[in-house]
Amino acid sequence: MLKIIAILTMLIDHIGRVFFPDNLILMIIGRVSFPLFCWFITTGISYTKNIYNYATRVFVLAVISQIPYHLLFTNHNFNVCFTLFFGIIIIIICNSKLSIYVKSILVSIIFFIPDFLHFDYGSYGIATIILMYFLKNKFELLLLSYTAISILAIQIYHYETLQLYAIVSISLIIFIRNDKLRIKRIFNYSFYPIHLFILFLISFIKF
């Protein structure tokens, strides 16, 4: 159920951004999706048998999705899958046997690359993944921490105050995280680029 909510809220968000940019309700609903996908990344890291293969799949998805993403949103940003990929890389580094000094340097560099290259959600997205990974069993602390970084994102990076509605996602994770509904991997990985391309076709025909 949680994945269905994430997919639907993402779809609603993108429909709002493309066709109804002034619709506040669609924007609010759309804020819920990204933290949920960050949660799936952290749980995926925990359950995968080979984290490097997992990271590769996310990277390939990011590359494939970039063309429909660019066509739909007509900007020079990198799609959110690149942010998720960088989040995985940081977790790999944190769990490696490298020295604390080397880890700190690498994480510090990688953490801010998404801001310079204009990844969707940037370092705020990376911070979300890190929090969800290391606090995945401490939900009260996760809720407080995610609220804090959301407020910082609004103050420092000038995110819209609507981003605070993303905090609702933590409540959804707490109450629905153990649902038994499973979605096939092919759907999980294909929905993002396919729905972007379909929305582009609709917008192209409409306008």
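How many helices and strands does the protein chain have? In this predicted model, the protein chain has 10 helices and 0 strands (DSSP runs, H or I of at least four residues for helices and E of at least two for strands, numbered from the N terminus). The radius of gyration is 17 Å, close to the 17 Å that the globule rule gives for 207 residues, so the chain is as compact as a globular protein of that length (taken over C-alpha atoms; the rule is 2.2 Å times the number of residues to the power 0.38). Of the 207 residues, 49% count as buried (under 20% relative accessible area, with exposed over 50% and partly exposed in between; 1.4 Å probe, protein chains only).

Asn79 is buried, with a relative accessible area of 0%. A polar atom of the Asn79 side chain lies 2.9 Å from the backbone nitrogen of Cys81. Beyond neighbours within four places in sequence, Asn79 is in contact (heavy atoms within 4.5 Å) with Ala62, Ser65, Gln66, Tyr69, Asp120 and Tyr192.

Tyr101, by contrast, lies in helix α6 (residues 100–116) and counts as exposed at 62% relative accessibility.

Residues are numbered from 1 along each chain as its sequence is written. Local features need pLDDT of at least 70 and side-chain atom pairs count only at pLDDT 80 or more, while totals for chains, interfaces and linings use all residues; side-chain values use heavy atoms, leaving out hydrogens and water.

Terms used: A polar contact is a pair of N or O atoms within 3.5 Å; within protein, one must be able to donate a hydrogen and the other to accept it, and residues adjacent in sequence count only if both atoms are side-chain atoms.
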